[in-house]
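Please find below a short note for a colleague who has not seen this structure before. The sequence and model come first.

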Amino acid sequence: MTASAPVRALALVCLVALPLSACVTGPANPSATRASELASLVSRSVACRAGAPSRSTLDGFIAAEKARGATPEQLASARSTYVTVSEAETINQSVKPRACDAAERAEVREKMTRIRAGDFSAL
């Protein structure tokens, strides 16, 4: 009788976990994915001294995503993702700096030039 209690508890956990995971995972948000890529690129450009973003970079990105047809929820998620990833990248770079070689610096500089011009198509 004591062995059946853990079995029942495990079965209950499995039954509850299956529908819960479906709620948590949900469909991917392409705007948030691109926002994460943008934040990583901006962080690397600052770390590599390959060009700083303009003040309107995030606003330009959000406008571009809106033009692509992103929903208000996707835009909010993208903005939140950008801020979160930017903060994490800044902390990571401070804790464990990663050097840039000339090739990476040139690549990042080229991408940032397009970003500053408002072209987010590479993300």
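1. The model is predicted, so to speak of local features pLDDT must be at least 70, side-chain atom pairs count only at pLDDT 80 or more, and totals for chains, interfaces and linings use all residues. Residues are numbered from 1 along each chain as its sequence is written, and side-chain values use heavy atoms, with hydrogens and water left out.

2. Which residues of helix 3 and helix 4 meet? From helix 3 come Leu58, Asp59, Phe61, Ile62, Glu65 and Lys66, and from helix 4 Leu75, Ala78, Arg79 and Tyr82 (heavy atoms within 4.5 Å). By class, this contact of helix 3 with helix 4 has six nonpolar, four charged and no polar residues.

3. The count of disulfides is one (a pair of cysteine sulfur atoms within 2.5 Å). Cys48 is joined to Cys100, with S to S at 1.7 Å. The torsion about the S-S bond of Cys48 and Cys100 is about -70 degrees, so this disulfide is left-handed.

4. Cys48 sits in the loop between helix 2 (30-47) and helix 3, and Cys100 in the loop between helix 4 and helix 5 (102-116), so the pair ties together parts 52 residues apart in sequence. Both Cys48 and Cys100 are buried (under 20% relative accessible area, with a 1.4 Å probe and protein chains only).

Methods
Helices (H or I, at least four residues) and strands (E, at least two) are DSSP runs, numbered from the N terminus. Ala, Val, Leu, Ile, Met, Phe, Trp, Tyr, Cys and Pro count as nonpolar, Asp, Glu, Lys and Arg as charged, and the others, Gly among them, as polar. Buried means under 20% relative accessible area, exposed over 50%, partly exposed in between (1.4 Å probe, protein chains only).
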